[in-house]
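Please go through the model below with me, one question at a time, with the cut-offs spelled out as they come up.

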Amino acid sequence: MVVYMTNALYLSDSYLKECNATVVSVKEGKYVVLDQTIFYPKGGGQPWDTGKIVKSNDVFNVVYVGKFSGEISHEVDRAGLEEGDRVHCTLNWERRYKLMRSHTAAHVFASILCKETGALITGNQLGEDKIRFDFSLEEYNREILEHYIDKTNELLGKDIPVKWYELPKEEAMKIPGIVKMAAALPPDIPNLRIIEIANVDKQADGGTHVKNLKEVGHIRLLKTENKGKNNRRVYFSFV
Ligand SMILES: [Zn+2]
C-alpha cells in the first residue's frame with residue numbers, strides 16, 4: 001500500500017479556515033486523501049474537524065477525518081470526488097475554534113496539576129462543550145480540583161502567548177514534563193512538535209491551539225469521578 005503524506009497545514013497554521021487542494025485518492029467513493037489539508041484528524045484526545053470539500057459547485061460534507069497508517073483520510077457524505085479533482089476546503093470554524101480553546105485550556109490545567117502534585121495524565125477527551133481528564137493521583141477530592149481550576153483560570157485571563165514549533169527529539173526529551181501522558185511514548189520521528197505556553201508549559205503535541213491564553217475564556221468544574229488511583233476523572237467546561 002502506498003501511503004500519501006498529505007501536507008498537514010493545520011500543524012503550522014491553526015487559524016487557516018480554507019485551502020485549495022488536489023484529490024490524491026478516493027476509496028469506496030467516500031474516503032478522500034488530499035495533497036494538503038486544513039482538516040485535523042482525530043488524535044491525541046482532540047476530535048476531528050468537520051466542514052466542506054467543494055468541487056466547482058458540488059458540495060461534499062466532511063463527516064469524519066482520521067489518520068490511518070499515517071495517511072489523513074476525509075470521509076465525505078456522498079460519492080462523486082475523483083482522483084485529480086481540484087477542490088476547495090472550508091472548515092466548520094466554530095467547532096474547530098472551540099476545540100482549540102479547549103485544547104489550550106487542557107494544557108494549562110494539566111501543567112498546573114502535574115507540577116503541583118506530580119500527577120500523570122492517563123487519558124483525556126476534548127469536546128466542544130466538555131473536557132474530560134483522567135490522571136493518577138493519591139490525594140484526591142473536589143476541593144483540590146477546584147483549587148487547580150482556580151489557578152488555571154488565573155492564567156487563562158492573561159495575555160500569555162502560545163507558540164508551536166519543532167525541535168529535534170533528542171533535545172526535546174531533555175525538557176522536564178515534555179511528555180505528560182503516562183503511557184505515551186514519543187513517536188519514532190526525528191523532530192517533535194512542541195506547544196509552548198510562555199512560562200507555563202511545554203508539551204510535545206500534535207493538536208491545534210489558540211495563540212494567546214486570553215482567547216480561551218474561563219473554565220469551571222462540572223463533576224469528578226473516582227475510578228481508582230490511576231484513573232481520577234474530572235470534567236470541566238467553559239463558563
Ligand atoms: Zn495536547
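Q: Which spacing do the donors of the zinc ion follow along the chain?
A: In this predicted model, the zinc ion is coordinated by His103 (NE2), His107 (NE2) and Asp205 (OD), at 2.0 to 2.1 Å. Donors here are N, O and S atoms within 2.8 Å of the metal (3.2 Å for Na, K and Ca), and since water is not among the atoms, sites may look incomplete. Along the chain, the spacing of the donors is H-x3-H-x97-D.

Q: What should be kept in mind about numbering, confidence and atoms when reading these values?
A: Residues are numbered from 1 along each chain as its sequence is written, and side-chain values use heavy atoms, with hydrogens and water left out. As the model is predicted, local features need pLDDT of at least 70, whereas totals for chains, interfaces and linings use all residues, and side-chain atom pairs count only at pLDDT 80 or more.

Q: Which helix holds both His103 and His107, and are they buried or exposed?
A: The two histidines are four residues apart, about one turn of the helix, and both lie in helix H1 (residues 93-117); helices (H or I, at least four residues) and strands (E, at least two) are DSSP runs, numbered from the N terminus. Burial is judged by relative accessible area with a 1.4 Å probe and protein chains only, where buried means under 20%, exposed over 50%, and partly exposed in between. By that scale His103 is buried, and His107 is also buried.

Q: What does Phe109 touch, leaving out residues up to four places away in sequence?
A: Phe109 is another residue of helix H1, and its relative accessible area of 0% makes it buried. The C-alpha atoms of Phe109 and Ile149 are separated by 6.8 Å, although the two residues are 40 apart along the chain. With contact meaning heavy atoms within 4.5 Å, Phe109 touches Phe133, Leu145, Tyr148, Ile149, Thr152, Val234 and Phe236.

Q: With which residues is Arg95 in contact, leaving aside neighbours within four places in sequence?
A: Arg95 lies in helix H1 and is buried, with a relative accessible area of 14%. Its contacts are Pro47, Trp48, Asp49, Thr50 and Glu128.

Q: How many helices and strands does the protein chain have, and why does it count as compact as a globular protein of that length?
A: The protein chain has three helices and 15 strands. It is as compact as a globular protein of that length because its radius of gyration is 19 Å, close to the 18 Å that the globule rule gives for 239 residues; the radius is taken over C-alpha atoms, and the rule is 2.2 Å times the number of residues to the power 0.38. Buried residues make up 47% of the 239 residues, and the C-alpha atoms fill a box, taken along the principal axes, of roughly 55 × 40 × 35 Å.

Q: Where is Ser56, and what is the value near which its phi lies?
A: Ser56 is in the loop between strand S5 (51-55) and strand S6 (58-68), and at 69% relative accessibility it counts as exposed. Its phi is positive in a residue other than glycine, with a value near 50°.

Q: Near what value is phi of Ser69?
A: Ser69 is found in the loop between S6 and strand S7 (71-76), and Ser69 counts as exposed at 58% relative accessibility. Its phi is likewise a positive value in a residue other than glycine, near 45°.

Q: What distance separates the C-alpha atoms of Arg220 and Gly84?
A: Arg220 lies in strand S14 (residues 219-226) and is partly exposed, with a relative accessible area of 42%. Arg220 and Gly84 are 136 residues apart along the chain, and their C-alpha atoms are separated by 47 Å.
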